[in-house]
Amino acid sequence: MKSHLQEGLRTALFNSLRAAFRMTPMPERIRDRLRQSYLDRFADALPQGPRGKVVDAGSPTHRPRTRSDAPAIGHVPYRREELRGSLPATVVAFYLPQFHAIAENDAWWGKGFTEWRNVARALPQFDGHAQPRLPADLGNYDLGNPQVMRDQASLAREYGIGAFCFYYYWFAGKTLLERPVQQWLADDSIDLPFCLCWANENWSRRWDGRADDILISQQHSAEDDLAFIAHIAQYLRDRRYLRVDGKPLLLVYRPGLLPDPAATAARWRQWCVEQGIGEIVIAYAQSFDRADPAAYGFDAAVEFPPNLSTPDVLTAQQSLINPEYRGQALDWRKLADDYRQRPMPGYRLFPGVNCGWDNEPRRPGAGRTYLHAAPRRYRDWLRSTIMQRLDGRPARDRLVFVNAWNEWAEGAVLEPDARLGHAWLQATREALQPVDEHRTARPRRPCLVVHGWYPEVLDEIPDLVASGNRIFRLVITVPTEKAAQVRAQVNRRGIEAEIEVVENRGRDILPFLRVADRLLNEGEELVLKLHTKKSPHRKDGDAWREQLLGHLLSPSRVDGIVRAYLDDPELGLVAPEGHVQPLGFYWGANEANVRYLATRIGIAQPDVASDDFVSGSMFWTRLEALRPLLDAHLDDWEFEAEAGQVDGTFAHAIERVFALAVRDAGYRVRSAARVCGGPEPPAS
């Protein structure tokens, strides 16, 4: 009771001080510096913040029980694909060299330590927390092997990455983790440009550079400035070193830690001119402040999200797996919105984007996790940064920095991972291409996705399709045990169809989500979702199916529905009339899963009194309207093994979430009767 009261008082005091601080007029640079000074001195005095929900020991949890490296919805395999034309910007990815053993880390963290040890120890802290995050194609690589860096450079270039920015660790003449960039320098076959970012802060046991429990510290001085620039001159002279307007680009992570950054910059410039390197461009990472670089004597700044943004805190909404969790969950979508809407300042700024963040591996039970990061959302952020924030900028300034290529222990990773494969890299590639050029060249026709659990019913659907004039792209999902029978039917009828063989898990829902995700990536827009419904536990199962198919697929309806989608860009889902039910129907068996899904997807908790759902899970939908659900990257293991359940499964919960997700995405749900101009019957 006493500790709870103390925490409440501390939170109230902190909030009062923060409110006063925000109201005090001062330049942004001073504000950022004062904030960081406070955090450096009084980090332990910060209030805990909201806690997650501690659930009963017997309550079900949504966490992997056997493995955490299975492909999730949204997994993208490696895809060879040529980049078209000249790229609209140079994407520079920050690169962490902490993946090989060094003597210092052996002494501080144990023999053989690399960042992979942190990555492997991570555990999910709350329902839906995707940890550990494990590498895919490149594996747990050792950067002591030069071939690894050749493979990374080749992969990066193939997907549109224009350069790596290596973190560089210099401590008054001593370098740490320099071997990878030395190997890069020595291997002229690696043809990807690179630059250096001097990470000029202390190394601490907390992994945050703050001034407590120091492992190795900086000793800044005029002599050290000259020693540093002389040491890295070998890199600045390399033909592959990244240049801006013909000048080598050098980054400093925290210029505010230098005693006199302007004097440091002047020493570096003079030395480079005298030694024949010529002029250099000095930039700093806006990781702790947003000063005009001229205040430091620098030329430019580089944005460094997720730092210096305060998105919504989502911790209180999470159901804890670890009741001792003291971390923080935030909304990555708000982070992206914040950065993409910032006006470009009067000084030279290279904008930044972020591909996720979760430093739980480095701070077990106390990490900071940004939820709802997704490759397509990252693609949209990167694309809008290039098209809007860099609009009108000269070619020499069209650089975008991505945080990061391989920050595995902080969850900022473009490299292929086990759950999503090459999705982040594919998103980068798409952002760099003209809009729509990445899409497959298919005629504008709707897709028909059918789940064929009952092959004997499947024949009804081609007959209905054949009775109209509309041409569909037909995709049939079928469980393994029924695949041969369905293939035989398709061949016998001479139907053009794509057949996807799936595990008998998640009924029609899981196969549809996987196909919908793929079709969205391929540029398809409109889908009719059907399944061979029999509902053998109901006497009216066949009649129910026939009514659903008639409402959605009859020739008189199809053209009207397609026309409605073309005429109304905000139409998201068309349901069979009479089958939009109050969400409260049979709510008890589904409530827990639906509420979990709302949190996991990042939509508002449903209002049982007013929300509804499409019963029977057959409908027309605009694929873009399903993105809140598809971008949640649900896992197969979340769907129960098939046991003839009639309600209360994860698939039943998703059935109830389709309409909620569509509305949250800003689209409308309408009945087929309404969009076709017919009467609206009561719900049946």
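I took a salt bridge to be a side-chain nitrogen of Lys or Arg within 4 Å of a carboxyl oxygen of Asp or Glu. The model is a predicted one, so local features need pLDDT of at least 70 and side-chain atom pairs count only at pLDDT 80 or more, while totals for chains, interfaces and linings use all residues. Residues are numbered from 1 along each chain as its sequence is written, and side-chain values use heavy atoms, with hydrogens and water left out.

**Entry 1. Salt bridges**

I searched the whole structure and found 47 salt bridges. I then looked up some of them.

Asp568 forms one with Arg668, and the closest N and O atoms are 2.7 Å apart. Asp568 lies in the loop between helix H17 (555-567) and strand S25 (571-575), and Arg668 lies in strand S29 (residues 668-671), so the pair ties together parts that are 100 residues apart in sequence. For burial I used relative accessible area: buried is under 20%, exposed is over 50% and partly exposed is in between (1.4 Å probe, protein chains only). Arg668 has 28% relative accessibility and counts as partly exposed.

Arg269 and Asp299 meet through their side chains in a salt bridge of 3.0 Å, N to O. Arg269 is in helix H8 (residues 261-274) and Asp299 is in the loop between strand S10 (281-286) and strand S11 (300-303), so the pair ties together parts 30 residues apart in sequence. Arg269 counts as partly exposed at 24% relative accessibility, and Asp299 counts as partly exposed at 28%.

Asp397 has a salt bridge with Arg348, with 2.8 Å between the closest N and O atoms. Asp397 sits in the loop between helix H10 (375-389) and strand S18 (399-403), and Arg348 in the loop between H9 and strand S14 (349-350), so parts 49 residues apart in sequence are tied together. Is Asp397 buried or exposed? At 8% relative accessibility, Asp397 counts as buried.

I also noted a network of salt bridges that links Arg376, Arg377, Arg379, Asp380, Glu430, Asp517, Glu624, Arg627 and Asp631.

**Entry 2. The sheet of seven strands**

I looked up the strand order next. Seven strands form an open sheet with mixed pairing, in the order S23-S22-S21-S24-S28-S25-S29. Strands count as paired if DSSP finds at least two bridges between them. Strand S23 (498-502) and S29 stand at the edges with a single partner strand each, so one side of each has no neighbour in the sheet. The twist averages 20° from one strand to the next.

Strand S22 (residues 473-479) pairs with S23 in the parallel sense over five bridges, and S21 and S22 also pair in the parallel sense over five bridges. Val478 stands opposite Val501 in S23. Thr477 is the bridge partner of His451 in S22, and Glu500 is the bridge partner of Thr477 in S23.

How many residues of S22 are buried? Seven of the seven are, so S22 is largely enclosed by the rest of the structure. Arg473, Val475, Thr477 and Pro479 point one way from S22, Leu474, Ile476 and Val478 point the other way, and all are buried.

**Entry 3. Helices around that sheet**

Angles here run from 0 to 180 degrees between N-to-C directions, and axes are lines fitted to C-alpha atoms, for helices over the stretch in contact. Contact means heavy atoms within 4.5 Å. Helix H14 (residues 483-493) lies across S22 and S23 and runs at about 150° to S22. H15 lies across strand S21 (447-451), S22, S23, strand S24 (526-531) and strand S28 (619-622), at about 145° to S22.

**Entry 4. The sheet of three strands**

An open sheet of three strands has the order S13-S17-S16, with mixed pairing. Strand S13 (328-331) and strand S16 (357-358) stand at the edges, each with a single partner strand, so one side of each is left without a neighbour in the sheet. Helix H9 (residues 332-340) packs on the sheet, touching S13 and S17, and its direction makes about 50° with that of S13.

Terms used:
Helices (H or I, at least four residues) and strands (E, at least two) are DSSP runs, numbered from the N terminus.
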